[in-house]
Amino acid sequence: ALGPGMKVLQLISSRGFFGAENVVAELAYSLEASGDSVIVGVFNNRHTDDTGSSELAEQARKRGLRTKSFECGGRVDLRTVGAIRRFCRENGVEVIHSHGYKSNIYSYLANRSLKKRLVTTCHNWINASSRMSIYTKLDKFFLKRFDIVAAVSDDVKNQLLKAGIDPKKL
């Protein structure tokens, strides 16, 4: 049963402090205020010039939240998958809440042997004709295996339904 006192990992790949990052920070703060234990996890993407990845962690710490940086070296870094899995196991994480396709993929892979609750918030949807289409296809595949899929707008919800996400999970 999900309720107050849950241990939640909020996970995002971030390049600054924008809309999705603000949602993560506010949600984490609200969950903490209601009695949950939240860690804000951010990827440290070594393969990009990712100077903004620490901004969310800084904002989270200013709000009194705990943070965890996950080193990530490339497309699908299996060491990062293992690090997320170990972190969840060692810290008693019960719910992994991911934000964005990269976090969704890593959360799903890390959770395969953990069997924790998987939640995702879809902040936008990548156009399938873009250069990101492989990630869009992977995201659709993994999203169908999440316990709860939250959409930030009706437009995103409709796109998720068209992608075959179970309406009961939305």
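These legends walk through a few close-up views of the predicted model. Residues are numbered from 1 along each chain as its sequence is written, and side-chain values use heavy atoms, with hydrogens and water left out. Since we're looking at a prediction, local features need pLDDT of at least 70 and side-chain atom pairs pLDDT 80 or more, while totals for chains, interfaces and linings use all residues.

**View 1. An open sheet of six parallel strands.** The strand order is β3-β2-β1-β4-β5-β6 (strands are DSSP E runs of at least two residues, helices H or I runs of at least four, numbered from the N terminus; two strands pair if DSSP finds at least two bridges between them). β3 (66–72) and β6 (148–151) sit at the edges with a single partner strand each, so one side of each has no neighbour in the sheet.

**View 2. Strand β1 meets β4.** Ile12 has His99 as its bridge partner in β4.

**View 3. Lys102 in helix α4 (residues 101–111).** Lys102 is buried, at 15% relative accessible area (buried is under 20%, exposed over 50%, partly exposed in between, with a 1.4 Å probe and protein chains only). Its side chain makes a polar contact of 2.4 Å with that of Asn45 (N or O atoms within 3.5 Å, one able to donate a hydrogen and the other to accept it; residues adjacent in sequence count only if both atoms are side-chain atoms).

**View 4. Leu161 in helix α6 (residues 154–162).** Leu161 is partly exposed, with a relative accessible area of 33%. Leaving aside residues up to four places away in sequence, Leu161 touches Pro167 and Leu170 (heavy atoms within 4.5 Å).
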